[in-house]
Amino acid sequence: MKSLKNHFSVIFPLIVLLFSFQFTRGLEVIVAEYETRITNEYSIIVVASKALEEADIARSVPSLKAMEEVSPSVILDRLKGDISTQNLSLLQLSLPKFYNLKLSSFPSAKALSKIKSDLERMDFISRVETFAKTYDTIYRILVIAKSMAYVFMGLIGVISLLLMLKQMRIWVLEHKERMDIMTLFGAPFWMKSAVLYRLAVVDSFLATCFVVALFYVMPSVPEIASAAAAIDVIIPAIEPLKEGGTLLGISLFFALVSVSMVMLKVKRETP
C-alpha cells in the first residue's frame, strides 16, 4: 500500500505535466488549422478604375496568393428589368473593377494595415476594404489563446517539478536508515539511488501510457466530439508512437532531473 502511494505521488504530477503539454500541443494544432481556414476564407476587396495585373499587386503585397476579378453581372442582372439595354451597357462600361485578393499567410493587424496603405497609394485603386476590425478581433483571440496555453504549460511544469522534488525528498527520508547502512558498508552513490531512479523510470512510463490512452480515446467520446463540433473545432488525435515517445522523453527528463537534484543534495549532506 505504501509502495502504491509512493508511485501515485510521482505519477500524478507527471500526468498533470504531460496532460498540460499535450493539451497545449493540441491547442496549437487547432489554432494553426483555424488560422489556415480563416486565411483561406479571408479576402481583401479592391476597387480600381482600370484592370489590374496580379504581378503589379504582388509587388505591393508579397503575401498575395491569388487575385480574381469580381464579376458585376449579379448586380447588372438585377437591373435588367428597370433600365434599358443601352443604359445597362453604358453602366457596365462606367463601373469600376472589383478584385478579390487572397493571401498566403495569416497577417497581423500591423501587416494588414501596411497592405492597405500600400494598395491605397496606387493611383488607379480608389478603395480597399480589409475588414480589419473583424479580422483583428479574431487574430487577437488566437494570439491570446496561444499565449495563455504556453503560460499554463509553464506554470504546470514548475508545479509538477516541485511536487516531484517534494515526493523524492519524502522517499529519501523514509529510506534514510537503509541508505545510511549502505553508506557504512561503502556502497557507491549509484547503488544507493538505484531504487529511486527505477521508481522514476517506471512511473514515467506509466504516466505516459495513461496520458497517451486518454488523448487517444478523448476525440472519439461522443459528448466531447459534439461539443467541439458545436464550435467548429476538430480535436486532433494523438499519434501514439511519435507523440508518445515525445511525452515519454519529457516525463523521463523531469523525473530523472528531480531524482538527481534530491540525491545530489543528499550526497552533499552526507558526512
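A salt bridge is counted when a side-chain nitrogen of Lys or Arg is within 4 Å of a carboxyl oxygen of Asp or Glu. The model is predicted, so local features need pLDDT of at least 70 and side-chain atom pairs count only at pLDDT 80 or more, while totals for chains, interfaces and linings use all residues. Residues are numbered from 1 along each chain as its sequence is written, and side-chain values use heavy atoms, with hydrogens and water left out.

Q: What makes Glu69 and Lys97 a salt bridge?
A: The closest N and O atoms of Glu69 and Lys97 are 3.8 Å apart, and the limit is 4 Å, so the pair qualifies. Glu69 lies in strand β2 (residues 64-70) and Lys97 in strand β3 (residues 97-103), so the bridge ties together parts that are 28 residues apart in sequence. Strands, like helices, are DSSP runs numbered from the N terminus (E, at least two residues, for strands; H or I, at least four, for helices).

Q: Why is Glu69 called partly exposed?
A: Its relative accessible area is 45%, and the class lies between buried (under 20%) and exposed (over 50%), with a 1.4 Å probe and protein chains only, so the label follows. Lys97 is also partly exposed, at 33%.

Q: How do you know that Glu243 and Arg25 meet in a salt bridge?
A: Their side chains come to 2.5 Å, N to O, and this pair is found in a structure where a search of the whole gives six salt bridges. Glu243 belongs to helix α10 (residues 240-269) and Arg25 to helix α1 (residues 2-41), so parts 218 residues apart in sequence are tied together. Glu243 is buried at 9%, whereas Arg25 is partly exposed at 22%.

Q: What separates Lys114 and Asp118 in helix α5?
A: Being four residues apart in helix α5 (residues 109-120), they are separated by about one helical turn.

Q: Why is Asn100 called buried, and what does its side chain touch?
A: Asn100, which is found in strand β3, has a relative accessible area of 14% and is therefore buried. Its side chain makes a polar contact with the side chain of Ser43 at 2.8 Å, the term asking for a pair of N or O atoms within 3.5 Å, where, within protein, one must be able to donate a hydrogen and the other to accept it, and residues adjacent in sequence count only if both atoms are side-chain atoms.

Q: Why is the aromatic pair of Phe19 and Phe215 called tilted?
A: Among the four aromatic pairs of the structure, this one has 5.2 Å centre to centre and 45° between the planes. Rings of Phe, Tyr and Trp (its six-membered ring) pair if their centres lie within 6.5 Å, and planes under 30 degrees apart count as stacked, over 60 as edge-to-face and the rest as tilted, so 45° gives tilted. Phe19 is in helix α1 and Phe215 in helix α8, 196 residues apart; Phe19 is partly exposed at 31%, while Phe215 is buried at 9%.

Q: What makes the pair of Phe253 and Phe254 edge-to-face?
A: The angle between the planes is 85°, with 5.7 Å centre to centre, and angles over 60 degrees are classed as edge-to-face, so the name follows. Phe253 counts as exposed, at 55% relative accessibility.
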